[in-house]
Amino acid sequence: MSPQLLLAALGGMSVFVAVESVGVQRRILPPKYRQWLDFLPVQRTLLALYAVGLPYFALLSGLLPARFLGLRGWDILAAAFSPRPLSQFVPQALLGLGNTLYLWLPDFGAIITVTAILGGVLLVFLALNRTETLSPAVSEPSAFTALLDVVHWGFYRAILWRLGGNLYFAVVGGILLMTLEWVAVARAGKFSPAETKRLALRFGLGLVSSIAFIFAPNLWLAGLAQWALWWSVYLVVHLASSELRIANE
């Protein structure tokens, strides 16, 4: 099997696992097993193995070079944090971090600008909706969830970039794949309206960071920008909700 075909199969398997696992958990498994899977450490372990494990395997196996994932500076960081005596580890780690930040300098402006513009549009869109209905749907930002979303979106985008050789096509195709996957997941899992709204918010955040990735293909910074935008949405919505509650009292 050629590397390209294997990579495409890995992406297809990722979509299949996402949809089937939710369907099995919500519809087929007996309640006692469902409760076990809802146990937070178990749930997070399985999600990490799925969302991070597959792209990590593709990276280590050479199917996906780091640049397609947007891991700019990966080689520098890997060398800087390789095992060595403590007296050498600290200066090498600091030097590696400094060199990586220097490598990221051209990306900061594009990431901040695009995220600020599109994030502002997202905030205006949310402001047009009723604040009291949005407040329960906009959950407190989770670093773990943000990490999984950023890596998962990046994995599909990287596969398409590697296969097609075009970043713009990869970003658009990755967005379409995520749309199909999350719609199928929501239907298979019979999500409640609140769960659907939370998923829609995460999709909006992923959409913003994906578009920012076109202008600066740096997964690290795109992920940090998505995390910051999530906090901005959360603070704005809940601040407005608190003010509305006080005014009604």
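**Reading aromatic pairs and the core**

Ring pairs join Phe 68, Trp 161 and Phe 213 into a cluster. The model is a predicted one.

Student: How is a pair of aromatic rings described?

Tutor: The description uses the distance of the centres and the angle of the planes. For Phe 68 and Trp 161, the centres are 5.3 Å apart and the planes stand at 80°; planes over 60 degrees apart count as edge-to-face, so this pair is edge-to-face.

Student: Where in the chain do Phe 68 and Trp 161 lie?

Tutor: Phe 68 is in helix α5 and Trp 161 in helix α9, 93 residues apart, and the pair thus links distant parts of the chain.

Student: Is Phe 68 buried or exposed?

Tutor: Buried means under 20% relative accessible area. Phe 68 has 9% relative accessibility, so it counts as buried. Trp 161, at 11%, is buried as well.

Student: Which residue lies over the face of Phe 68?

Tutor: Arg 67 does, at 4.2 Å from the ring centre. Arg 67 also lies over the face of Trp 161, at 5.8 Å from that ring centre.

Student: Which residues have the most contacts inside the largest nonpolar core?

Tutor: Leu 64 and Phe 155, in a core of 37 residues. Helices that each supply at least two residues of this core include α1 (3-28), α5 (66-69) and α9 (143-164). Beyond its neighbours within four places in sequence, Leu 64 is in contact with residues including Leu 7, Leu 59, Phe 155 and Ile 159.

Student: Which residues of helix α4 are buried?

Tutor: Leu 54, Pro 55, Ala 58 and Leu 59. They cover an arc of only 135° around the axis, so they lie on the same side of α4.

How values were computed:
Residues are numbered from 1 along each chain as its sequence is written. This is a predicted model: local features need pLDDT of at least 70, side-chain atom pairs count only at pLDDT 80 or more; totals for chains, interfaces and linings use all residues. Side-chain values use heavy atoms; hydrogens and water are left out. Buried means under 20% relative accessible area, exposed over 50%, partly exposed in between (1.4 Å probe, protein chains only). Helices (H or I, at least four residues) and strands (E, at least two) are DSSP runs, numbered from the N terminus. The arc is that of the directions from the helix axis to the C-beta atoms. A nonpolar core is a set of buried Ala, Val, Leu, Ile, Met, Phe, Trp, Tyr and Cys residues joined through side-chain atoms within 4.5 Å. Contact means heavy atoms within 4.5 Å. Rings of Phe, Tyr and Trp (its six-membered ring) pair if their centres lie within 6.5 Å; planes under 30 degrees apart count as stacked, over 60 as edge-to-face and the rest as tilted. A charge sits over a ring if NZ of Lys or CZ of Arg is within 6 Å of the ring centre and within 35 degrees of the ring normal.
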